[in-house]
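Me: Could you walk me through this structure in a few questions and answers?

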Amino acid sequence: MRQVHALGVDLRDGLHGRSVPAAAKRLRRLLGADGVVLADLDGPVAGHGRRPEPAEVDSLLAQVFEYGSNVRTRLSDGTTVCAVPLNVADEISGALVASGDPVEADVEAAAALVSDSLDHAALRRARARIAAADLRTLRAQISPHFVHNALAVIAALVRTDPDRARHLLSDFADYLRYGFSEKGDYATVADELEAVQTYLELQRARFHDRLDITVRMAPEVLPVAIPFLVVQPIVENAIRHGLERKEGRGHISVSGFGEGPLCVVEIEDDGVGMHPDLARSLLAGTGPESRSIGLANVDQRLRAVYGPEYGLVIETALGEGTKVTVRVPRFTRGVVAQ
């Protein structure tokens, strides 16, 4: 089982990752073969031990790819070779070739392990592409509503309170700089928190200080890497659709803490709330377009990065406010803030 796990690690970046030669070496040991070759549709990519001549390997691969089935043959030097196709998403993506009179059933089993590892690698790459595309979409949709209102508030304060206007203008520039940053797909919780605090200060000015803000973050989660622009869209949704419609003072809290291996971030408001069915439709991306963009985008990116068991959890009811919870692993391979 340990060897199987190690093989998956070796192949986590597909057949062109840096650890593919190590995978070939590991497969040779598992099979007890004289030599092993891993190939994609263009030909051999890695091997270990005694291998057939290049022309013989090419001939074997041509037969495997043409017929989509195992090929077992004896070479001119008397060596027995078995070649088995590698199938990813029900399509041939390569082949495993073992020489030295290998047991065909063993080579098939090893090829199945390699295929599973390649399938997982392809899924990870697809998730990364989806997450990156969703992030570009979210950046393009940074609320014009907020931008217009923030500039209007700053303009109104230029004469009555120029010092605060200058401070808010600096905050606004920091907010835009962070929102359109191209430094990477991930940020630390501390970076997200700083952007959220800047955003909330701008909103407090717009609400004429009728907005109460509580921010609490446990030190142990501050360095945790999370997908870029996860917290801020949730906070924006809470203000736009929860607190803007409420009369009198409003309160929003942002808190973060560790929960075993998880990092938990909670965004809660005491606004007008919503029907639970509406919350479900927002996460599914089928709710009103003006409301679903932020939450659906964040939920999809979290699931793309961490898997379907992760995402947003919304607790809400009409007139009872809304609480949105983000739970993500504190450490995930490949999730690194830059």
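**Cavities and salt bridges**

Reply: Let's begin with the second largest cavity, whose lining residues divide into three nonpolar, two polar and three charged. Here Ala, Val, Leu, Ile, Met, Phe, Trp, Tyr, Cys and Pro count as nonpolar, Asp, Glu, Lys and Arg as charged, and the others, Gly among them, as polar. This is a predicted model, in which local features need pLDDT of at least 70 and side-chain atom pairs count only at pLDDT 80 or more, while totals for chains, interfaces and linings use all residues. Residues are numbered from 1 along each chain as its sequence is written, and side-chain values use heavy atoms, with hydrogens and water left out.

Me: How much space lies in the largest cavity?

Reply: A cavity is a set of points on a 1 Å grid over the protein atoms alone where a 1.4 Å probe fits but cannot get out, and lining residues have an atom within 4 Å of a point. Grid points are joined across faces, edges and corners, and a volume is the space filled by probe spheres set on the points. There are two cavities of 30 Å³ or more. The space in the largest cavity is about 90 Å³.

Me: Which element gives the largest share of the lining of the largest cavity?

Reply: Twelve residues line the largest cavity, and N237, A238, D269, M274 and T322 lie nearest its centre. Helices (H or I, at least four residues) and strands (E, at least two) are DSSP runs, numbered from the N terminus. Helix 8 (231–243), strand 10 (262–269) and strand 12 (322–329) each give two or more residues to the lining of the largest cavity. The largest share, five residues, comes from helix 8.

Me: Why are E201 and R204 separated by about one helical turn?

Reply: A salt bridge (a side-chain nitrogen of Lys or Arg within 4 Å of a carboxyl oxygen of Asp or Glu) joins E201 and R204, with the closest N and O atoms 3.3 Å apart. The two are about one helical turn apart because they are three residues apart in helix 7.

Notes: On a 1 Å grid over the protein atoms alone, a cavity is a set of points where a 1.4 Å probe fits but cannot get out, and a pocket is an open set with protein on both sides within 12 Å along at least five of seven lines; lining residues have an atom within 4 Å of a point.
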